[in-house]
Structure formats: structure tokens, C-alpha cells
Amino acid sequence: MDELLQINLQLFSIIGTVAFAVSGAVVAMEEDYDILGVFVLALVTAFGGGVVRNLLIGIPVTTLWEQGMYLRIAVIAAGLVFIVPVSWIRRWKTWESLFDAIGLSAFSIQGALYATNMNHPISAVIVAAVMTGIGGGIIRDVLAGRKPLVLRDEIYAVWGMLAGLMIGLGWFQGSYHLLALFVIVVILRMLSVQFKWRLPRRSLRLADTAPGRGKGSA
């Protein structure tokens, strides 16, 4: 792996790790988890997507234990969230979508870079990007007893897929181009939150809305 790619991977790994570890810790505290639950959910959110990606593109899962620096970063981030005043966390909550967008963008780019470095086809690059970007969040929500945000809220996973596509096509290469892509994905995610852009959906909850199903109907 060349030096420039290694620097890019480290940069986006640090950004994504901090953003998602904080997100996981806050969700754990919202669900009244104890301190162990806070650290578990923070680590799962920060590293769950990467583990899934490694399984899919052929990187040994045990490489997780070689990421000592990132594990320490995630633990420190979660610890700070646990001890800071509640008023700070409430203030952070107003920026929650931005942190989530930062984590999504950083990890999607990181996953795509891993896949391209292994000379995988563009389909694998896209899958690596989106699973790295959303995998941890899905596991976090499941462990917290919530419906996964990425499957029901504003457009989310699509922006991770877009990052993978752009990198897989070779349209964004080099540090400045990747930083530009990072900013673009964050902006698109925030726009989808602001304007509530959603993918088409179809509900099967017909019983509550069907004619003649009122309180007096048989």
C-alpha cells in the first residue's frame, strides 16, 4: 500500500472512529445502559461496519486486533461522552446528524479505498463502502432495540454507495479529491436531513386505513 493511500486511510479512519464512537455512546446513554454498555455500543458502532466489510472483501477479521490506536481513540471518545456534563451532550444532540454524516462519509470512503487497493471490481467497492459506512449503525440500533435508522429515515445508505461508485470509477483519487468527496457526501447527507429526502416506500399497514374498518365495523 503506497504512503499516500495509507495516510488517507488513517485520516478517514480517525474521523469515522470518533464520530461513530460518540454516536454509539450517546445512544447507549439514551437507553439507560450502564458504563459497560456505553463502551460496548461505542465500539460496536465504530468497528462493526469494518468487520462486516472485511468478511465481504477477504480481509482477515483478526486485523481488528491490530488497530490498537483506533481502539484507544474509540474508548477515549466514549469515556469522554460518559463523563461530560449532560448539558454538553444535549448540545451535541443538536449536531447529531452532522456527526453521523461525518462518520458515514469517512467510513464509506475508507471502505472503498480498502476494496480498490485489493483490486476488487466496482460492485465490491460499492458494497465495501456502504457496509463500512452503515454496518456499525445498524448493529448499534439493533442492540439498542431500535429500528435501524438507515432503513427508515432520510436517504442515508445511498450516499455511501455514491462514495464507493465515485472511487470505484476512479473519479476521485488523491488526498484533495478524496477530501472533496468527503465534504460532498456530508453535504448531501445533511441536505437529505434538512429537506427530508426519502426513498420511495410502500406500506402494508392497510387495516388501519381501509374503508369500513372503523370502530363499529365487524
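Tutor: Let's start with naming: helices here are DSSP runs of H or I with at least four residues, numbered from the N terminus. This is a predicted model, where local features need pLDDT of at least 70, side-chain atom pairs count only at pLDDT 80 or more, and totals for chains, interfaces and linings use all residues. Residues are numbered from 1 along each chain as its sequence is written, and side-chain values use heavy atoms, with hydrogens and water left out.

Student: How many cavities of 30 Å³ or more are there?

Tutor: A cavity is a set of points on a 1 Å grid over the protein atoms alone where a 1.4 Å probe fits but cannot get out, and lining residues have an atom within 4 Å of a point. Points join across faces, edges and corners, and the volume is the space filled by probe spheres on them. By that rule you get one cavity of 30 Å³ or more. The largest cavity has a volume of about 140 Å³.

Student: Which residues sit closest to the centre of the largest cavity?

Tutor: Look for Phe47, Gly50, Arg53, Gln67 and Gln110, the closest of the 16 residues lining it. Two or more lining residues come from each of helix H1 (3-30), helix H2 (35-57) and helix H5 (96-117). H2 gives the largest share, seven residues.

Student: What classes of residue make up that lining?

Tutor: Ala, Val, Leu, Ile, Met, Phe, Trp, Tyr, Cys and Pro count as nonpolar, Asp, Glu, Lys and Arg as charged, and the others, Gly among them, as polar. The lining of the largest cavity has seven nonpolar, eight polar and one charged residues.

Student: And how do I read two helices packed together?

Tutor: Describe the pair by the angle and the distance between the two axes. Axes are lines fitted to C-alpha atoms over the stretch in contact, with angles from 0 to 180 degrees between N-to-C directions. The axes of H2 and helix H3 (residues 68-83) come within 9 Å and cross at roughly 135 degrees.

Student: Why are H2 and H3 called oblique?

Tutor: Under 35 degrees is roughly parallel, over 145 roughly antiparallel, 65 to 115 roughly perpendicular, and the rest oblique. By their angle, H2 and H3 are therefore oblique.

Student: Which residues of H2 and H3 meet?

Tutor: Contact means heavy atoms within 4.5 Å. On the H2 side you'll find Phe39 and Leu43 among them, and on the H3 side Leu71 and Phe82 are included. Sorted by class, this contact has 13 nonpolar, one polar and no charged residues.

Student: How does H2 sit against helix H6 (residues 122-143)?

Tutor: Their axes come within 7 Å and cross at roughly 145 degrees. Among the residues that meet are Gly48, Gly49 and Gly50 in H2, and Gly135, Gly136 and Gly137 in H6. The contact divides into eleven nonpolar, eight polar and two charged residues.

Methods
1 Å grid on protein atoms, 1.4 Å probe; cavity = no way out; pocket = protein on both sides within 12 Å on 5 of 7 lines; lining within 4 Å.
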